[in-house]
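Here are my notes, as promised, for you to read with the model open beside you. I have kept them to a handful of numbered points.

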Amino acid sequence: MQYKLSVISDIVEGIRLGDDVIINHVFVDSRNRVERMEAALFVAIRGERHDGHDYVGELYAKGIRNFIVDRDFSLENIREENVVIVENTLKAIQDIAADCRDSFSFPVLGITGSNGKTCVKEWIYQIFQSAETISRSPKSYNSQTGVPLSILLSDSASTLGIFEAGISLPGEMSRLEKILHPDTGIFTNIGDAHQENFRDIGQKINEKLQLFRKSELLIYCSDYTALHRAVSESQHEYSTFTWGHGDECKLKILDKTCIQNRTVLKIRINDSKLKERYGNEQEFEIPFSDSASMENAMHCIAFALTKGFDISLLKASLANIAPVAMRLELKEGINRCTIINDSYNSDINSLTIALDFLDGLTQHERKTLILSDIMQSESDEGKLYRQVSKLLQSRGISRFTGIGEALERNSACFIENTDIPDCSFYRDTDKFLKRCNKAGFSNEAVLLKGSRQFRFEKISRLLEVQVHQTVLEVNMNALVDNLNYFRSKLNEGVKLMAMVKASSYGLGSSEIAALLQYHRVDYLAVAYVDEGVGLRENGITMPVVVLNTEPDNFDIMIEYRLEPEIYSINSLLSFLKTASGMGISSYPVHIKADTGMHRLGFAENDLPELCRILKNSQTVKAASVFSHLVASEDSRHDGFTVLQIERFKIFCRLLEQGIGYPFIKHILNSSGIERFPDAQFDMTRLGIGLYGVGIDANRNCLARVGTLSSAIVQIKQVGEGETVGYGRHGKVTSPKTIATIPIGYADGLNRKLGNGKGYFTVNGKPAPITGNICMDSCMIDITGMDAGEGDRVIVMGDAPSVYEIADATDTIPYEILTGISQRVKRVYVSL
C-alpha cells in the first residue's frame with residue numbers, strides 16, 4: 001500500500017495535523033519492529049483490554065512520527081507530528097483497508113465458518129500456488145483488526161486473494177464484508193464456537209452469511225441442514241455451489257474409502273458445465289482419514305473445479321497436500337539454544353511475523369535464521385529476495401542460512417546488501433545436514449522458517465535436545481488469553497504483578513517471563529534469588545521481586561537488580577547493611593504485612609520501628625506494601641477476607657503517615673481479583689489463574705495452558721489370572737490389552753493414580769491406569785480400543801483435567817502442575 005496522509009485523512013473523515021507524508025505501512029501493535037519509521041502509520045486502537053493510545057509516547061521516542069488517534073487523546077506530547085484525529089480508530093483502519101481492497105484488480109475468495117477456515121485457506125494456497133500469485137491472510141488473521149491488516153499487507157501484483165473472516169459478536173461480519181466483499185465465498189461449517197454471544201444457531205449463521213452479501217458464488221456443504229435452510233431462505237444475489245451426500249448437490253459424495261491414514265473420495269458431478277469439462281465422476285485421494293480433513297478437502301475441490309482448475313494437477317496436489325501446522329513451536333535446543341520451528345507457511349508476511357516473535361526472545365543476544373526458498377509465484381525473483389534481505393538487515397540477525405536453489409541464485413542480495421556477519425547457502429536440506437556442525441550452534445535463538453517440501457523437521461530434530469516421548473505442551477496463546485481475561489477485571493490504572501515462581505508453576509521460566517515482559521505486565525515475582533538471576537541472564541529487564549529472601553544472597557540480588565520482599569526488622573536491617581556497604585541509595589524494597597496468614601510479614605506492633613528505619617534511610621525506599629489473603633477463593637471465609645483487607649488498609653495508612661511518602665499497595669491474588677474487586681488498590685498479583693486454573697465461578701472463562709502427553713511404546717495381550725506391574729496389584733480378571741506409557745512417578749505422575757484410580761485418554765477414549773505406577777513408566781488398559789504403538793496419550797489436558805487429577809490424589813492443582821519433573825520436555829506453542 002502507498003497513500004499520502006492527506007488521502008488517508010479523507011478516507012477516514014479525520015482532521016489532519018502536520019506534514020503530508022507518504023505512508024506505506026500501517027500497524028496497530030506497538031511492539032512490532034518497523035523498518036521505515038518515517039513511512040509507518042500507527043493506528044491507536046482502544047480495545048476491551050488494551051488501549052493503543054497508551055503507547056503513542058513510547059513509539060514517538062522510538063522515532064515513529066505518524067499516528068491516527070481518537071478525539072479523546074491528548075496531543076500535548078506529539079503536537080508537532082503528523083496526526084489524523086478520528087472518532088473511532090478501529091473504524092479508521094477498516095476504512096483504509098476497504099479503500100485498499102477497492103483497488104484490487106484480482107478476484108478475492110472469502111472464507112468463514114466455525115472451524116477449518118485457516119486449513120481450507122492454506123490448502124487452496126498449496127493447490128494454486130504454482131499457477132497464481134496469491135495474497136492471503138497471515139496465520140489466522142480473521143478478526144476486526146486481522147482482516148484489515150491482511151488486506152493492507154496484500155501485494156498489488158497478485159492474481160488471487162484468499163482471506164478468512166471470523167466473528168464472535170452480532171454486527172461484526174457486516175463490517176468485515178465492507179472490507180473484503182469477496183467475489184467467491186466458502187462457508188466451511190457451523191458449530192458451537194462463540195455461540196454464547198448469539199441468540200441461537202440461526203442468528204449466528206445469518207450473521208456469517210453477511211460476508212457474502214455481494215458475492216457472485218457461495219460454496220458450502222448442504223449436509224449442514226441449518227446452514228442449508230438459512231441459505232435457501234435468505235434473500236441473496238449470489239449463486240450457490242453445494243457439495244454433500246444429497247442428490248441435489250452439485251458435487252455428491254458417492255463413497256469414502258479409508259486405507260492406512262489415506263482417504264479416497266469418489267464424487268459425482270451434477271453441474272452440467274462442470275460435467276462437460278470433468279466428466280460424470282471423479283476420484284480424489286488425500287493423505288488423511290479424519291472427517292475434518294475430508295470436509296476441508298471437499299471445499300478445496302469445489303473451489304478448484306468452479307475455477308476450471310486442471311484436474312490432473314488438482315489430484316496430484318491433493319494426494320500430497322501437507323497438514324497445516326497452525327502453530328509456532330518453541331523448543332529447548334542443544335548447547336543452550338532455543339529452537340523456534342515455524343513451518344506453518346513461508347512468505348514475506350509470515351516471515352515478518354516470525355521475526356517479530358524472534359525479537360521478543362530476550363534470552364539470547366545471538367539470533368540465527370534458517371530460511372528455505374519462498375515458494376510463491378513471484379515474477380521477479382531478485383526483487384523478492386532483495387525485499388527479504390532488507391527485512392533481515394533491520395532485524396539484527398547474527399547468522400543467516402539460506403536453503404534452496406532460488407536463495408542460492410540470489411545469495412548476493414544477502415552477502416552484498418546486509419551486514420549479517422555469517423551467511424551461507426545450500427542447494428537443499430540434505431546438503432545442509434551433511435555439512436552442519438552441531439557444535440557451531442551455541443547459546444542462540446534459531447528460527448526455522450521453511451516451506452513444507454524442504455522438510456525442516458529434519459533440522460529441528462538435529463538441533464533440539466533429545467528427551468523421552470513425554471511432553472508438556474505450553475500454549476502461549478492461552479496464557480495471553482488468561483492474562484487479558486484478568487486484565488479486563490482491573491480498574492483503570494491498576495498494575496499487575498505476574499507470579500513466575502517455581503518455573504511458572506511448572507510450565508516454564510524464562511520463556512513465559514519473556515512473553516509476560518512482551519505483554520507489558522508491571523512486575524514479575526519469583527520465590528528465590530536463583531530464579532531471579534536466571535531471568536536476568538535470559539534477558540528479562542523488567543522489575544523482578546524475590547519473595548523468599550535470605551541475607552546471604554542480598555549482594556547477589558543487588559548485583560542483578562532484583563527487588564527483595566522485606567518481612568521483618570531483622571531482614572530489613574540485614575539488607576540495609578549490605579546495600580549501604582555497596583554504596584546503594586533508594587533501592588526498591590517490598591514490605592510484607594501479616595494480616596492473618598501468620599507465615600511471614602510485619603505485624604501492626606512492628607510499625608513504629610519500621611517507620612523509624614524507613615523514614616531515616618537513604619539506602620532503601622518502600623516501592624510497595626502487600627499482604628497475602630488466606631482464603632479468598634472460599635466464600636465460607638469471606639468474613640475473614642474482609643477483615644484481612646481492613647487490617648491491610650490500616651497498616652498501609654499508618655505506614656504511609658509514618659514514612660511520609662506513598663507506595664504501591666496490593667493484596668489480591670487470582671481468586672481475589674475475581675471475588676473482591678473493591679480491594680484492587682494499586683496493583684494485583686496474578687498467579688495460578690494465569691496458567692488456566694480458576695475457582696468454580698471462572699473455570700470456563702480460563703483457557704487451559706498446559707497439556708501433558710506421552711505415547712504408547714508397547715502393547716501386550718495379557719491373559720486372565722495374570723498381573724500387571726510391581727506388587728502384583730494389577731490383577732487381570734479377563735483377557736486385556738495393556739499398553740505401556742513412558743511416564744512414571746519420577747516425571748511427576750502421582751502413584752495414587754495407579755490401580756484404576758486415574759486414567760489417560762487414548763484417541764478420545766478413557767484408558768484406566770492398571771497396576772502400580774513405576775518410576776519411569778506405567779501401564780493402561782486399552783482393551784477394545786483402536787490404538788497402536790506410537791499413538792499419543794493425553795496424561796493431563798481436557799480429560800483428565802488438572803482438577804480431576806487433583807481430586808483423585810487428594811491435593812490441589814498447584815501441586816499437580818509444580819510436580820511435573822524438569823526432565824519432561826516443555827514445548828511452547830503459539831497458534
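1. Let's begin with asparagine 189, which sits in the loop between β11 (184–187) and α7 (201–209). Helices here are DSSP runs of H or I with at least four residues, strands are runs of E with at least two, and both are numbered from the N terminus. Asparagine 189 counts as buried because its relative accessibility is 6%; buried means under 20% relative accessible area, exposed over 50% and partly exposed in between, with a 1.4 Å probe and protein chains only.

2. A word on the source: this is a predicted model, in which local features need pLDDT of at least 70 and side-chain atom pairs count only at pLDDT 80 or more, while totals for chains, interfaces and linings use all residues. Residues are numbered from 1 along each chain as its sequence is written, and side-chain values use heavy atoms, with hydrogens and water left out.

3. What does asparagine 189 touch, not counting residues up to four places away in sequence? Its partners are Gly113, Ser114, Asn115, Tyr224 and Glu295, where contact means heavy atoms within 4.5 Å. The side chains of asparagine 189 and glutamate 295 are joined by a polar contact of 2.7 Å. The side chain of asparagine 189 also reaches the backbone nitrogen of asparagine 115, at 2.9 Å. (A polar contact is a pair of N or O atoms within 3.5 Å; within protein, one must be able to donate a hydrogen and the other to accept it, and residues adjacent in sequence count only if both atoms are side-chain atoms.)

4. Do have a look at helix α12 (residues 348–359). Nine of its twelve residues are buried, so α12 is largely enclosed by the rest of the structure. Among the buried ones are Ile348, Leu351, Leu355 and Leu358. Their cover includes β18 (338–341), β19 (366–372), α13 (381–393) and β22 (444–449).

5. Next, threonine 707, placed in strand β32 (residues 706–711). Is this residue buried or exposed? Threonine 707 is buried, because its relative accessible area is 14%. Beyond its neighbours within four places in sequence, threonine 707 contacts Val471, Leu472, Glu473, Ile794, Met796 and Gly797.

6. Lastly, a helix pair: from α3 (residues 89–102), the residues Gln94, Ala97, Ala98 and Arg101 meet Arg175, Lys178, Ile179 and Leu180 of α6 (residues 172–180).

Terms used: The expected span of a helix is 1.5 Å times one less than its number of residues. Axes are lines fitted to C-alpha atoms, for helices over the stretch in contact, and angles run from 0 to 180 degrees between N-to-C directions.
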